[in-house]
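Here are my notes for you on this structure. Keep the model open as you read, and find each residue as it comes up.

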Amino acid sequence: MRHGESVVTVNRVVGGPRTCSGLSELGQRQGERLRSRLERTGEVDATALISSAYPRARETAELIAPALGLDVQVVDGFGEHDPGPECDGLTFQEFIDRHGMPDWEADPFTVTFPGGETVAAFHHRVGVALTEVIAQHEGGTVVVVCHGGVIDAILRRSLRAPMTGDFDVHTLNTSLTELVLGRPGRWRLVRYNDAGHLEGLPAETPRMSDG
């Protein structure tokens, strides 16, 4: 599950682990909608609830925890692509002014965020976290509240796709993505971007420049 809308997104800020300031008001409402859906449908019979360490993910996980009847376990490995201390907290415009527009289709081993993770390092970290969780919860159903980039990385690993290129995904806030491990190394994608519980809510918080 992706976290709800974040304050840093509304403010157009590069919100890494040092400067993430949690959910926006809309993000909280999205999390509440997801909790109500899970309580009503019982569609996710989870055996573990894991969150990244970012406040926006932890707050979302805490919102849905009562519906799952589980405590939140924090796993740092499921954090979003770390921009590093030099870029963390810059506005998007400041980042572009200093470093230019990132080329996300470039060699994944090249530096995207000066002082931060490469795409390859990010994918390696997420892959290790996923491998460890699978080993620890064999036969269970694990809910991981994380980030759009993390979900992209997991899909690419599961589909045996390259780290960059070939396809794009745009994962909605608080949407559900479900994968089943049928046998070692063989995944089945059950659903992606399931966000029916958001019907009637605005797509995003209007920004001041939007009127």
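1. Start with D168. This is a predicted model, and in it D168 sits in the loop between helix 7 and strand 4. Is D168 buried or exposed? D168 is exposed, because its relative accessible area is 70% and the cut-off for exposed is over 50%.

2. Which residues form a negative surface patch? The patch consists of D103, E105, D166 and D168. Patch members need over 30% relative accessible area and no salt bridge. D168, at 70%, counts as exposed.

3. R160 is in the loop between helix 7 and strand 4. Check its backbone. R160 is not a glycine, yet its phi is positive, about 55 degrees. R160 is also exposed, because its relative accessible area is 61% and exposed means over 50%.

4. R12 is another residue to check for phi. Its value is near 55 degrees, which is positive, and R12 is a residue other than glycine. Where is R12 found? Look in the loop between helix 1, residues 7–10, and helix 2, residues 25–41. R12 has 38% relative accessibility, so it counts as partly exposed. Partly exposed is the class in between buried, under 20%, and exposed, over 50%.

5. Helix 2 also holds T41. Its relative accessible area is 38%, so T41 is partly exposed. Compare sequence and space here. T41 and A67 are 26 residues apart in sequence, and their C-alpha atoms are 10.0 Å apart.

6. Move on to T141. Its place is the loop between helix 6, residues 119–136, and strand 3, residues 142–145. At 39% relative accessibility, T141 counts as partly exposed. Which residues does T141 touch, leaving out those up to four places away in sequence? They are D45, A46, T47 and A48. V180 is 39 residues from T141 along the chain, with 8.9 Å between the C-alpha atoms.

7. G148 lies in helix 7. Is G148 buried or exposed? G148 counts as buried, because its relative accessibility is 18% and buried means under 20%. Its contacts, not counting residues up to four places away in sequence, are R2, E80 and T171. G148 and F95 are 53 residues apart in sequence and 20 Å apart in space, C-alpha to C-alpha.

8. Now the salt bridges. Side chains of opposite charge can pair when their charged atoms come close. How many salt bridges does a search of the whole structure find? The search finds 9. One of them joins the side chains of E117 and R125, at 2.8 Å from N to O. E117 is buried, because its relative accessible area is 15% and buried means under 20%.

9. E43 deserves a careful look. It pairs with R37 in a salt bridge, where the closest N and O atoms are 2.9 Å apart. R37 has a relative accessible area of 9%, so it is buried. E43 counts as partly exposed, because its relative accessibility is 29%.

10. E43 also forms a salt bridge with R191, and here the closest N and O atoms are 2.8 Å apart. Why does this pair tie together parts that are apart in sequence? R191 lies in strand 5, residues 186–194, while E43 is in the loop between helix 2 and strand 1, so the pair ties together parts 148 residues apart in sequence.

11. Which residues are linked in a network of salt bridges? The network links R37, E43, E178, R191 and D194. Trace it on the model, starting from the E43 and R37 pair, then the E43 and R191 pair.

Definitions and conventions
Residues are numbered from 1 along each chain as its sequence is written. This is a predicted model: local features need pLDDT of at least 70, side-chain atom pairs count only at pLDDT 80 or more; totals for chains, interfaces and linings use all residues. Side-chain values use heavy atoms; hydrogens and water are left out. Patches are made of residues with over 30% relative accessible area and no salt bridge: like charges are joined within 9 Å, nonpolar side chains (Val, Leu, Ile, Met, Phe, Trp, Tyr) within 5 Å. Accessible areas come from the Shrake-Rupley method with a 1.4 Å probe; for residues, only the protein chains shown count as cover. A salt bridge is a side-chain nitrogen of Lys or Arg within 4 Å of a carboxyl oxygen of Asp or Glu. Lys and Arg count as positive and Asp and Glu as negative; His and the chain ends are not counted. The place of a charge is taken as NZ of Lys, CZ of Arg, CG of Asp or CD of Glu. Buried means under 20% relative accessible area, exposed over 50%, partly exposed in between (1.4 Å probe, protein chains only). Helices (H or I, at least four residues) and strands (E, at least two) are DSSP runs, numbered from the N terminus. Contact means heavy atoms within 4.5 Å.
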